[in-house]
Amino acid sequence: MSLVHPEPVFPDPDDPKSVAEAIQRLGQFNVEQDARTVTAAYSMDPTDDLVLADATGGAFTVTLPAVTNAQRKLYHVKRTNAGVNNVTVDGFGAETIDGALTFVLGAQYDSITVLHNGTAWWIV
């Protein structure tokens, strides 16, 4: 048995909106409500699903919600900018991401998807 999506999903990697629309076509998110574009330090809300991080103006950190407040779902952060400015993803407080305090999105289109286990974040 093969699963075929009714509409091809090939986003333009240079266009964050195209990427978000492709994810919406996959049925994972309601992009109108759940994708958030940020250009400076941001603390994710437990209701966030996807953060599109544009560090063109300078490096910054996206902080995951506290696992005690986070929903049991996947959280996604994607860096959209080219250049040298990194986006750092940080666990809340001392919470770790696969054992590390932070995860750096060091290149354009790098991304991370995480799920918590009740005490820490796992990269999936």
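Analyst: A residue is called buried under 20% relative accessible area, exposed over 50%, and partly exposed in between (1.4 Å probe, protein chains only). This is a predicted model, in which local features need pLDDT of at least 70 and side-chain atom pairs pLDDT 80 or more, while totals for chains, interfaces and linings use all residues. Residues are numbered from 1 along each chain as its sequence is written, and side-chain values use heavy atoms, without hydrogens or water.

Tyr109, in the loop between β7 and β8 (111–116), is partly exposed because its relative accessibility is 25%; strands here are DSSP E runs of at least two residues, and helices are H or I runs of at least four, numbered from the N terminus. The phi of Tyr109 is near 75°, which is positive although the residue is not glycine. Most residues other than glycine have a negative phi. Asp98, which belongs to the loop between β6 (87–90) and β7 (102–105), also has a positive phi, near 50°, and with a relative accessible area of 48% Asp98 is partly exposed.

The loop between β4 (60–63) and β5 (75–79) holds Leu74, a residue that counts as partly exposed because its relative accessibility is 38%. Lys73 lies in the loop between β4 and β5 too, and its partner Asp49 in the loop between β2 and β3, so that their pairing links distant parts of the chain, 24 residues apart. The two side chains form a salt bridge with an N to O distance of 2.6 Å, the term requiring a side-chain nitrogen of Lys or Arg within 4 Å of a carboxyl oxygen of Asp or Glu. Both Lys73 and Asp49 are buried.

By this rule there are 2 salt bridges. In the pair of Arg36 and Asp48, the closest N and O atoms are 3.2 Å apart. Arg36 lies in strand β1 (residues 35–38) and Asp48 in the loop between β2 and β3 (50–53), so the bridge ties together parts 12 residues apart in sequence. Asp48 is buried, with 3% relative accessibility, whereas Arg36, at 36%, is partly exposed.
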